[in-house]
Amino acid sequence: GTQVLRKSLQRGVVLSTGSFLVYEARKLISGFAEVHASFKVEDVIEQADYLYGSGETEKLYRLLVQHKNSDDAELLWRLARSSRDLAQLGSTSAEEKKKLTYDSLEYAKKALEKNESNFAAHKWYGICLSDVGDYEGIKTKIGNAIIIKEHFQRAIELNPKDATTIHLIGIWCYSFAEMPWYQRKIAATLFATPPTSTFQEALRYFHMAEEADPNFYSKNLLFLGKTYLKLNNKKMALLWLSKAKEYPAQTEEDKQVQKEALELLNSI
């Protein structure tokens, strides 16, 4: 205590014994609170990742939504993802789905505000902004397209090995490659140089994603097959669609992928 007091006095802190003790006690308490808070965040993240890996969508959301006022970007982007996952469940009502979709964008936006260098915050901001576009009409969706791609590209700059983000740029390219003429006309009114892409570019990103993390996502396998079909390469389409059909279904999305892959295989 004497040593601390001496150091404080050396720094020019002149305090009475009583106020000094109060000051030191406050420092100890605030220091303990900070350590305690950091442990708590790590514990919540660990628990959240376990629930996510176990496919416990509703439990995960209930855990994370308690921390919606957090300043931690890692918690906030996980809450954005969790809100979106809950919105995607077949058991979620249309009204609740819409609310969760808008909530997820707010959480992702807050995560970005808290840490602009967090790759996952950029990724989920792009995903959630795209989802909100489904409620705001095709003009808004196309208008947001460049912002969405910029966030995906920033996420890849921050984490070049994240296969999901690479896949998402592939989806972006695929969507613009197959855009119908009336949507192209809308794009032409919104941008001096409207965004465009090709199936070849989409294919390149899907393959890059697969190289970064082989067999990581049923939808990437499906889109490799679909893109090869668009490029009239039936042999390669059969290969990737078969892989998508045989992918072990762990989520509702995996089941939808299997169904679509089977339909496409039957049509070839």
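**Ground rules.** I'm working from a predicted model, where local features need pLDDT of at least 70, side-chain atom pairs count only at pLDDT 80 or more, and totals for chains, interfaces and linings use all residues. Residues are numbered from 1 along each chain as its sequence is written, and side-chain values use heavy atoms, with hydrogens and water left out.

**Entry 1: α4 and α5.** I looked up helix α4 (residues 73-88) against helix α5 (residues 94-114): their axes come within 8 Å and cross at roughly 165°. α4 and α5 are therefore roughly antiparallel (angles over 145 degrees). By class, I get eleven nonpolar, three polar and four charged residues for α4 with α5.

**Entry 2: α10 and α12.** The axes of α10 (residues 218-230) and α12 (residues 252-267) come within 9 Å and cross at roughly 25°. That makes α10 roughly parallel to α12 (angles under 35 degrees). On the α10 side I find Ser218, Lys219, Leu222, Lys226 and Leu229, which meet residues of α12 including Glu253, Val257 and Leu264. This contact has five nonpolar, one polar and five charged residues.

**Entry 3: the core.** Which residues touch the most other members of the largest nonpolar core? Leu64, Phe206 and Leu222 do, out of 71 residues. Helix α6 (residues 119-158) gives the most to this core, with 13 residues. Leaving aside neighbours within four places in sequence, Leu64 is in contact with Val44, Ala48, Leu75, Arg78, Leu79 and Ser82. A nonpolar core joins buried (under 20% relative accessible area, 1.4 Å probe, protein chains only) Ala, Val, Leu, Ile, Met, Phe, Trp, Tyr and Cys residues through side-chain atoms within 4.5 Å.

Definitions and conventions
Axes are lines fitted to C-alpha atoms, for helices over the stretch in contact, and angles run from 0 to 180 degrees between N-to-C directions. Helices (H or I, at least four residues) and strands (E, at least two) are DSSP runs, numbered from the N terminus. Angles under 35 degrees count as roughly parallel, over 145 as roughly antiparallel, 65 to 115 as roughly perpendicular and the rest as oblique. Contact means heavy atoms within 4.5 Å. Ala, Val, Leu, Ile, Met, Phe, Trp, Tyr, Cys and Pro count as nonpolar, Asp, Glu, Lys and Arg as charged, and the others, Gly among them, as polar. Buried means under 20% relative accessible area, exposed over 50%, partly exposed in between (1.4 Å probe, protein chains only).
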